[in-house]
Amino acid sequence: MRPVTHFLSNESWSGSSTRTSDIYNPATGAVSGQVTLASKEDVDQVIATAAAALPSWAATPPAKRATVMFEFRDLLKKHIDELAELLSAEHGKTLPDAKGEIARGIEVVEFACGIPQVLKGEYSEAVSSGVDSFSVRQPVGVVAGITPFNFPAMVPLWMYPVAIACGNTFVLKPSERDPSVVMRVAELFAEAGLPKGVFNVVNGDKEAVDALLDNPRVDAVSFVGSTAIGQYIYSRGTSNGKRVQALCGAKNHLVVMPDADMNQVTDALIGSAYGSAGERCMAISVAVPVGEETADRLVKALEPRIRALKVAPYTDPESELGPVISKASYDRIHDYIDQGLEKGASLVVDGRNISLQGYEDGYFVGGCLFDNVTTDMSIYTDEIFGPVLSVVRAQSYEEAVDMINTHEYGNGTAIYTQDGDAARDFWARAQIGMVGINVPIPVPVAYHSFGGWKRSLFGDHHIHGMEGVRFYTRLKTMTMRWPSGIRTGAEFHFTGGKDA
Ligand code: NAD
């Protein structure tokens, strides 16, 4: 059984807490490891280490920080197979999905390699007679990251490469459900030449999170996870005077216009609703066909494709749909399916009762498709975070837009159409942070920024790209006048030697 502790000053560290939590293999339901849950004292010690490392790292020239990032990027690429295996064994997602998320995370490291360019600042000559002004961005200080189970490599990589490249030091608190991949990544970061104390990992639960939120030496907190916890973190962190960004839950709609190419739509929905077992904050969980005829064609096209999905553990190279993360999540998804049936939605494809030989205790849920869902049903209003797609039939394009704009979440959305006018109107009016036009999961690339609107994000900044740089730095503006000896005829004496 794998023991997982913490990572401090470039080596693993046990801390003083003896509390632990089991890590499961979701494909079998068996316990595969145990993670130590840090005490407040342990967290305070990690923060003190990060704070001690801050002055010299903040003073390290950005180009020198970038050389560590280049090395780190190469090591991640070299070890991608090993990292994907560690990730899938605890998360359950297929190996191509695991490698895909690591690859997206590496792109953020590549963005961080260019940090000298983005930190260049601005300079205005002669804002007044003989007065110049310039602005620089300086690190905020010690940053804490608190991350979810569903992208155990990529979501942390959204945060710390940018924060550290900007000159901050970092304490990461990953999900206690799949912490192993981050521990290996931390070793690689140390191998890349990162000084001790700049990147630290503390494992734990609410006790560790609260210690991060309450410690005055933590200056900023990046959180990604569910809305209930994100709102708590935002309010506790900001009331303690910290800068906080909390990226939260979602319910993403895909609008199917009557002129859409139904083959493209079906491909898009199979990948975006059922990929990673629906455990993505950018998963499409609601399809909104416009018009009854479009809806009938859509359901007819989807049904056989969902039934054909290969449900299997990640060790089967043909697996398309792995298990969900935990028994609690499995039960929660089943509960939502029951609620949908009770409220009168039609379960066109029922993914319950999957039993795989040798994996009878695994948390497998097959793809589910509900038709005739209405906006008052919990399967529509709530984030289920499983392989369940709801079809809500809209009678008009306006009804579809209105549905999206009145939903409490605003992470991502997409429209499928061949009409440029409809597409333009859609992206302009959607009250949503990330919009796809014939793209089902419009996750921005690393040099743009990721984030939702409404109750999908608390705080002012999206993550990675320039928004990440702004979040992890403070702007400082200088205004300077030099009494001009040259113009008044005064003499200067640069004589060298000890007076120089
Ligand atoms: P979660 O909110 O349960 O956990 C996230 C983090 O918060 C973990 O590190 C966890 O240990 C910690 N935490 C849990 N309960 C806590 C408590 N009571 N007090 C303090 N800390 C606590 O989320 P999850 O189940 O791991 O991840 C799934 C959620 O994350 C989904 O809602 C999904 O939409 C969201 N998510 C959002 C984005 C985004 O960018 N918007 C990206 C990925 C995941």
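Two strands count as paired if DSSP finds at least two bridges between them. Strands (E, at least two residues) and helices (H or I, at least four) are DSSP runs, numbered from the N terminus. The model is predicted: local features need pLDDT of at least 70, side-chain atom pairs count only at pLDDT 80 or more, and totals for chains, interfaces and linings use all residues. Residues are numbered from 1 along each chain as its sequence is written, and side-chain values use heavy atoms, with hydrogens and water left out.

**View 1. An open sheet of three strands, in the order S6-S7-S23.** The pairing is antiparallel. Strand S6 (122–128) and strand S23 (473–481) stand at the edges. Each has a single partner strand, so one side of each has no neighbour in the sheet. From one strand to the next, the twist averages 25°; axes are lines fitted to C-alpha atoms, for helices over the stretch in contact, with angles from 0 to 180 degrees between N-to-C directions. Four bridges join S6 to strand S7 (residues 131–139). Ser128 has Val131, in S7, as its bridge partner.

**View 2. A salt bridge between Glu207 and Arg19.** A salt bridge here is a side-chain nitrogen of Lys or Arg within 4 Å of a carboxyl oxygen of Asp or Glu. The N to O distance in this pair is 3.2 Å. Glu207 lies in helix H8 (residues 206–214), and Arg19 in the loop between strand S3 (11–13) and strand S4 (20–25), so the pair ties together parts that are 188 residues apart in sequence. Glu207 is partly exposed, at 35% relative accessible area. Arg19 is also partly exposed, at 34%. The classes are buried under 20%, exposed over 50% and partly exposed in between (1.4 Å probe, protein chains only). The whole structure holds 29 salt bridges.

**View 3. Salt bridges Glu303–Arg307 and Asp316–Lys310.** Glu303 and Arg307 meet at 3.0 Å, N to O. Both lie in helix H11 (residues 292–307), four residues apart, about one turn of the helix. Glu303 is partly exposed, with a relative accessible area of 26%. In the pair of Asp316 and Lys310, the closest N and O atoms are 3.3 Å apart. Asp316 is partly exposed at 23%, and Lys310 is partly exposed at 32%. Elsewhere, salt bridges that share partners join Lys206, Asp210, Asp214 and Arg236 into one network.

**View 4. The largest nonpolar core, with 70 residues.** Such a core is a set of buried Ala, Val, Leu, Ile, Met, Phe, Trp, Tyr and Cys residues joined through side-chain atoms within 4.5 Å. Phe72, Tyr160, Ile164 and Phe199 touch the most other members. Helix H6 (residues 154–165) gives the largest share, ten residues. Domain 1 and domain 2 both give residues to this core, so it lies between them. Beyond its neighbours within four places in sequence, Ile164 has contacts (heavy atoms within 4.5 Å) that include Trp57, Met69, Phe170 and Phe199. Apart from this core lies another, of 63 residues, among them Met262, Val290, Val299 and Val391.

**View 5. Two domains in the protein chain.** Domain 1 spans 2–248 + 456–480, and domain 2 spans 252–437. These bounds come from an automatic or database domain assignment. The C-alpha centres of the two domains lie 31 Å apart. Domain 1 gives 22 residues to the contact, and domain 2 gives 24 residues.
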